[in-house]
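Please open the model in your viewer and keep the selection panel at hand.

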Amino acid sequence: MSLKHAEDLLQSHFGFSSFRLGQRQIVESILNGHHTLGIMPTGGGKSICYQIPALMLPGVTIVISPLISLMKDQVDGLQQIGIPATFINSSLTSQEIHQRIQETVDGKYKLLYLAPERIDSEHFQGIFERLPVYLVTIDEAHCISQWGHDFRPSYRSMVQKIRQLPRKPIIASLTATATPAVKEDIAHLLGISDHHIFTSKLQRANLSFSVQHEVDKATFIESYLRSHPGQTGIIYCSTRKDVEKIHEFLVHKGFSAAAYHAGLSDQDRIRAQEQFSYDQIQTIVATNAFGMGIDKSNVRFVIHFNLPKNLESYYQEAGRAGRDGDESECILLYSPEDIQTPRFLIQQSELPPDLKKLEFHKLQEMKNYCYTQQCLQKTIVQYFGDDHDFSCGKCSNCLQLDQERTEIDATVDAQKIFSCIKRMKERFGLTTVVKVLRGSNSKRLLQWKLDQLSTYGIMKDKSEKEILALSQWLAAEGYIAIVLSDQSRPLATLTAKAVEVLKGERRVTYQQRSVLESLPTTSKINELFEELRLVRRTLSEQEQLPPYMIFQDSTLKEMSRKLPVDSHSFLQITGVGEKKYQKYGDAFIQVIRTYVENHQLQPVHELSTTPTTNDKEPSHLTTFHMYEEGKSIEEIAEVRSLHRATIEDHLFRCGMEGFAINWDLFIPKEYEALIIQKIEALGAHKLRPLKEELPDEVDYMAIKAVIAKRELVTSN
Ligand code: ADP
């Protein structure tokens with residue numbers, strides 16, 4: 001079975017011209033008959049990894065998934081592109097189940113989605129043995145491991161059943177969130193050798209992370225939604241009460257929002273989910289009950305109202321933003337008291353001591369994320385064992401680095417804190433340590449004779465808040481470890497790194513930061529894109545399908561960038577396969593044609609004679625061809641090892657040479673007039689003075705685009 005054939009299927013069914021690197025390795029490994037484990041971030045493209053082999057292997061592929069609502073979505077999506085698939089779960093009657101099993105035995109389907117409980121049942125085991133199964137895919141494979149954040153015993157016992165099947169199917173397991181311990185556990189249980197474990201870069205280049213400390217959360221959300229009109233997003237709260245409160249607040253303020261939590265009736269939850277999927281409401285306020293079954297690709301922001309219980313949950317929930325690869329934001333609103341509830345729940349839980357300590361450790365790592373000063377995206381992927389060194393350049397920490405900041409030598413203060421922890425024999429929590437350093441007269445402190453320590457009162461000159469913030473940062477940087485005692489109390493302890501500081505072998509520097517004035521904005525409104533969205537909406541209503549199942553936002557954006565006006569160029573758009581072209585092509589092409597005519601743009605088919613693989617091709621054209629293929633500016637910069645600004649300049653140059661660059665895509669419509677006004681007042685020879693005169697959300701790219709567009713108009 002050749003990879004070339006796999007690639008042909010990828011193009012004809014899914015409309016994708018090539019596999020992503022991780023996908024290629026996983027598909028190849030499965031086709032070579034190996035049990036395989038793929039770890040890929042959300043939005044990385046896990047489904048393709050088993051859907052393509054399923055089309056190539058004989059018989060049927062079983063896909064085990066814990067997410068019932070996702071099953072229906074996935075099956076609908078596959079049927080949309082002409083792949084015969086079905087699912088069996090508790091939402092069906094026994095007659096429907098019987099019929100689907102019979103149809104599977106008769107060879108009607110290439111993929112059958114099942115919940116793990118089914119495989120585990122004795123009754124189903126007999127049926128399972130009769131099916132011609134060559135590949136079993138375990139989606140959300142971290143549920144197998146008891147070290148994971150979502151362990152399901154039925155997942156673990158099901159594995160034995162699969163391995164006992166007479167036909168010995170290939171097992172493909174996939175997950176987005178596996179710490180090194182979870183990875184090892186899955187591999188061991190499924191008998192996967194190291195050669196067949198593939199971990200994609202876990203970084204999600206299109207996500208901008210930020211932590212907002214001690215803001216008024218409701219006001220923050222209100223102003224965020226106001227400055228991002230038309231964008232869809234999720235606001236996660238940890239309690240039903242907060243969900244209700246924020247939902248009411250938003251509705252009162254006139255936003256289109258729905259609430260979702262497990263306390264609502266099935267009917268209300270289904271309605272909220274559908275309204276969100278069909279783009280009928282823009283914001284959903286939800287507990288973590290929402291999302292496991294959501295495949296919506298154009299979620300532009302995920303805001304966490306409270307601290308999640310660990311980084312696995314956080315990355316999974318935040319990762320629901322930007323599945324379509326477009327720029328999206330993940331914002332965590334942090335206030336120190338947020339930790340109390342999850343900590344209390346762990347302390348009171350019935351978990352065995354080891355697991356309790358592990359859960360506590362994970363919560364602590366989550367808290368550390370809020371205090372670290374290093375790149376937030378790097379902090380997350382490091383947690384999952386990905387050690388490659390990078391800075392995303394756009395999280396709230398990286399942006400701080402670009403701003404004015406003061407570096408402070410905090411070695412002496414750190415030594416005071418560490419020595420106090422040491423003198424307190426590492427038997428107290430940070431709050432008590434801070435009280436000792438401040439020289440508090442609290443009764444308990446005196447009772448425990450902590451006032452007799454030499455470190456008592458040595459940081460009197462600082463406020464409690466300041467010392468606590470510094471200590472929390474020291475924990476985030478790995479100098480202090482907060483662990484759970486056998487009596488379930490949190491204790492501050494010292495790591496080897498802190499000992500080096502105490503011995504004078506290491507210095508500690510801390511960055512004093514100014515508060516970021518505003519978050520980066522990702523809103524770029526494009527006229528044609530909006531028109532294409534309307535076409536999609538009409539089709540979605542006609543066909544009773546969520547809009548993203550017609551075409552994803554990224555596909556519509558590529559159309560608005562490349563302006564395809566015939567079948568050939570339309571089929572080149574990422575996400576357009578043959579089936580979808582036949583069904584929807586005309587409706588979209590018609591709108592694009594009208595737009596091209598009205599704006600006198602140059603459609604893409606007129607440019608397609610330009611060679612794409614010419615060694616002597618000018619650099620800016622190479623960039624342009626990659627841009628035409630749908631790659632983002634960041635991706636092109638990475639592949640070509642060039643600076644982002646160079647790539648932007650290439651694109652502008654192409655635009656000025658008459659290539660089809662849709663300027664509107666770079667220029668926020670609402671600011672174009674203002675940018676022109678400033679250019680007229682200050683001239684266009686220097687960008688910085690212009691940038692300084694414009695609102696923060698206007699980036700350099702927008703200014704350069706307006707300059708280029710104006711030059712083009714005046715030269716024509
Ligand atoms: P995951 O399950 O890993 O979260 P999905 O399988 O839902 O990811 O895919 C995420 C997005 O990436 C989808 O929009 C999908 O259409 C797109 N995608 C997947 N593979 C490719 C590819 N080879 N080329 C372009 N887009 C792809």
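Which of the 16 residues around the ligand come nearest? Select Gln23, Gly43, Lys46, Ser47 and Gln552, which come nearest among the 16 residues around the ligand; a residue counts as near if one of its heavy atoms lies within 4 Å of the molecule. The model is predicted, so local features need pLDDT of at least 70 and side-chain atom pairs count only at pLDDT 80 or more, whereas totals for chains, interfaces and linings use all residues. Residues are numbered from 1 along each chain as its sequence is written, and side-chain values use heavy atoms, with hydrogens and water left out.

Next, display the polar contacts, that is, pairs of N or O atoms within 3.5 Å. At Ser18, a polar backbone atom is 2.9 Å from a nitrogen atom of the ligand. At Gly44, a backbone N or O atom lies 3.4 Å from a ligand oxygen atom. Then select Arg323, where an N or O atom of the side chain is 2.9 Å from an oxygen atom of the ligand.

**Helices H14 and H15**

Now select residues 340-348 (H14) and 353-371 (H15); helices are DSSP runs of H or I with at least four residues, numbered from the N terminus. Their axes come within 9 Å and cross at roughly 170°; axes are lines fitted to C-alpha atoms over the stretch in contact, and angles run from 0 to 180 degrees between N-to-C directions. H14 and H15 are therefore roughly antiparallel (over 145 degrees). Show the side chains of Pro342, Arg343, Ile346 and Gln347 in H14 and of Lys356, Glu359, Phe360 and Leu363 in H15, which make the contact (heavy atoms within 4.5 Å).

Move on to H18 (residues 411-423) and H19 (residues 430-438), whose axes come within 10 Å and cross at roughly 110°. The two helices are therefore roughly perpendicular (65 to 115 degrees). Lys416, Ile417, Cys420 and Ile421 of H18 make the contact with Val433, Val436 and Leu437 of H19.

Definitions and conventions: Parallel < 35°, antiparallel > 145°, perpendicular 65-115°, else oblique. Polar contact = N/O pair within 3.5 Å; in protein donor to acceptor, adjacent residues only side chain to side chain.
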